[in-house]
Amino acid sequence: MSAEATNPATPGPVVPAAPRRRSRPRIDLRRLGRAALLGPASRGRLPDAIGHVVEAHRAHHPDADLEPLHRAYVLAESSHRGQMRKSGEPYITHPLAVTLILAELGAETTTLTASLLHDTVEDTEVTLDQVGEQFGAEVRYIVDGVTKLEKVDYGAAAEPETFRKMLVATGNDVRVMSIKLADRLHNMRTLGVMRPEKQERIAKVTRDVLIPLAERLGVQALKTELEDLVFAILHPEEYEHTRELIVDNASRADDPLAEFSEAMRVILRDADIQAEVLIRPRHFVSVHRVGRKRGRLRGSDFGRLLVLVNEDADCYAVLGELHTCMTPVVSEFKDFIAVPKFNLYQSLHTAVARDDGQVVEVLIRTHQMHKAAEAGVIALGNPYVGPAEDQAREAAPADEERVDPTRPGWLSRLLDWQEAAPDPDTFWSTLREDLAQDREITVFRPDGGALGLPDGATCVDAAYAQYGEDAHACIGARVNGRLATLSTVLRDGDTVQLLMGQDPASEPSREWLEHAHTPAARIAIQRWLAAHPASAEREESAETVEAATARPTAEAPEPAPDSPAPRPGAAITVVDRPDATVRLAGCCTPVPADDVTGFSVRGGVVTVHRAECSAVARMADAGRAEVDVRWGDTSGCRVTLVAESFGRPHLLADLTEAMAVEGAEIVSATVEPPSQQRVRHTYTVQLPDAGHLPTLIRAMRNVPGVYDVSRAQHHVTA
């Protein structure tokens, strides 16, 4: 892991301390290192070197068994004895510092034990089996996960593979990532002795991957300090300017935040609401962002107010009082209690103003919400055992598959697609794209199941999330009961029914990549296209696209051999070429009164599409010139309809009878095999008048058991 020593000449970000830490003196890691060299204290007494860790741990877990920490420290100190950091400090100061970070965030004893030992297997003679024998399979598993991450760390060429391994280890135990984040934080704090180019490279990886991971795990305390440290390295001039702004504001005689907080205390006290009002100074990056957004900063822009209460209902009571007695900024209100963020975060956000124009942002949450907001998954304790099992539990074998109940949906998705990524570069790019998503939505399947997707996901993403590579056969979707294209962007709470084709040789379209936002969807589509280059090339050909739209399919069958020969295009006139051969496109089956356009294809044939047909855009992009066409005087038309129904006796007879009553002549019909009690019927019918089409569709929908009838739209790719 090669944690580096600090350079006293390198300024570090000033991170506001949590209220609990203000009374605690600053920890002198150099002094702790010297104490570590003395070894363990007298029998039965914890070594002084980990006294600060014990103090922080007991603040969160007063009844914790400290004996494993004692033994872990003794093993780590004796194993690392003689190893020094580049600054000359004993190496043991690094695992001590990492463990202290986690202890202050409320990590449970197993995590702290593994943290003290996280470098022993990599950097000393201690083996993984020895760790397992002395501390159990759980600690062994975590130490092994962290060790695997570090074997290729910091190598520019190895970064993709490094973080692929990180995700695999993290997916089986989020505590592996907790230790990794704390380890990176301490190394970033002590990065000053490295060469500038190496500092910059490590800072960029931290910015691109570890900070978003900290955000997604909900560990805001680590995320904000990492942001400031990266800011200081990558943007030193802007960092220095921001630091000067913070220093200048601290020297002001008046403090709007203090005035706001006192006014709020009076309001809540008069309302008999027990609440704690705290000033939360913004960290460097936050001040910088606010400055870029608002321009000149006012005193109230350098911090926010945090109101802590005991119960969820008290949060809304506080909100009501503040909005009643002060002037609310309505556009700033957000309710993350009713709709929590994907990373466990819950809070009410609002803002209030006073007469001089000063506006202050207010966060309202319970004490438990605040703990989760600061420490995220670290605050959840041991995810594998209940409280009563902490002292006596049966550890699973180290190689047994682990299921982490704290693992959020986004992490499960990353683990699913990282195995399918064809190469490290694809993995790396899709990882960064996925981490850039800052909000998750939930959509529901008709069977009551749910899919977790990133904000902005489409029906394409939902298809691959539900069916994996079988989604290649998806032909459309219904969103909230209405037919929708695969490009439809989903919203939180939508119900999505994906319509799957029956052809096992179905293939995805290259256009789907434009609408795929999840790594799972993009990787699956790209992998299929790479494995079928001939199909991909055919799709890019305008001629093949046009031929595909015209060829018969199960949804638009050819007329029966003994049926009258169709006269496609009889009702269409080509403006400049009245004698041209016209063909109505089978993909959208235009009928009189539809808005249509034409394209000239091989043999001088003009194919006619509905204006909203997805093939129109493809033909135009391929450079095909549009041909001006219009409906002639013929009112009769041929159209293909798709009816979807629940299976029941005599349904086919009732449906065809309803069509005959409306004067529809059935040219051809197919009925697909029932699937999950649902039946799909496809009818090509001849109508004497296109104006009868809405009446026909309505009559078919009125047949008991039929839940939808629509015009055929083949090769749905958008």
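**A helix pair in its chain**

Mentor: The model is predicted. Its chain has 27 helices and 21 strands. There are 718 residues in the chain, and 51% of them count as buried. Taking the contacts between residues at least 6 apart in sequence, 70% join residues at least 24 apart. The chain exposes about 32,900 Å² of surface, of which carbon and sulfur atoms supply 50%.

Now to the pair itself. Two packed helices are described by the angle between their axes and the distance between the axes. Here the pair is helix α3, residues 67-80, and helix α5, residues 109-116. Their axes come within 9 Å and cross at roughly 5°. Angles under 35 degrees count as roughly parallel, and α3 and α5 are therefore roughly parallel to each other.

Next come the residues that meet. From α3, the contact takes in P68, L69, A72, Y73 and A76. On the side of α5, their partners are T109, L112, T113 and L116. Sorted by class, this contact of α3 with α5 has 7 nonpolar residues and 2 polar ones, with no charged residues.

The structure holds 0 disulfides.

Technical notes: Residues numbered from 1 in each chain as written. Predicted model: local features only at pLDDT ≥ 70, side-chain atom pairs only at ≥ 80, totals over all residues. Heavy atoms only, no water. Helix = DSSP H or I, 4+ residues; strand = E, 2+ residues; numbered from the N terminus. Buried < 20%, exposed > 50% of the residue type's maximum accessible area, 1.4 Å probe, protein only. Contact = heavy atoms within 4.5 Å. Areas by Shrake-Rupley, 256 points an atom, 1.4 Å probe, with all protein chains shown as cover. Axes fitted to C-alpha atoms, helices over the stretch in contact; angles between N-to-C directions. Parallel < 35°, antiparallel > 145°, perpendicular 65-115°, else oblique. Nonpolar A, V, L, I, M, F, W, Y, C, P; charged D, E, K, R; others polar. Disulfide = S-S within 2.5 Å.
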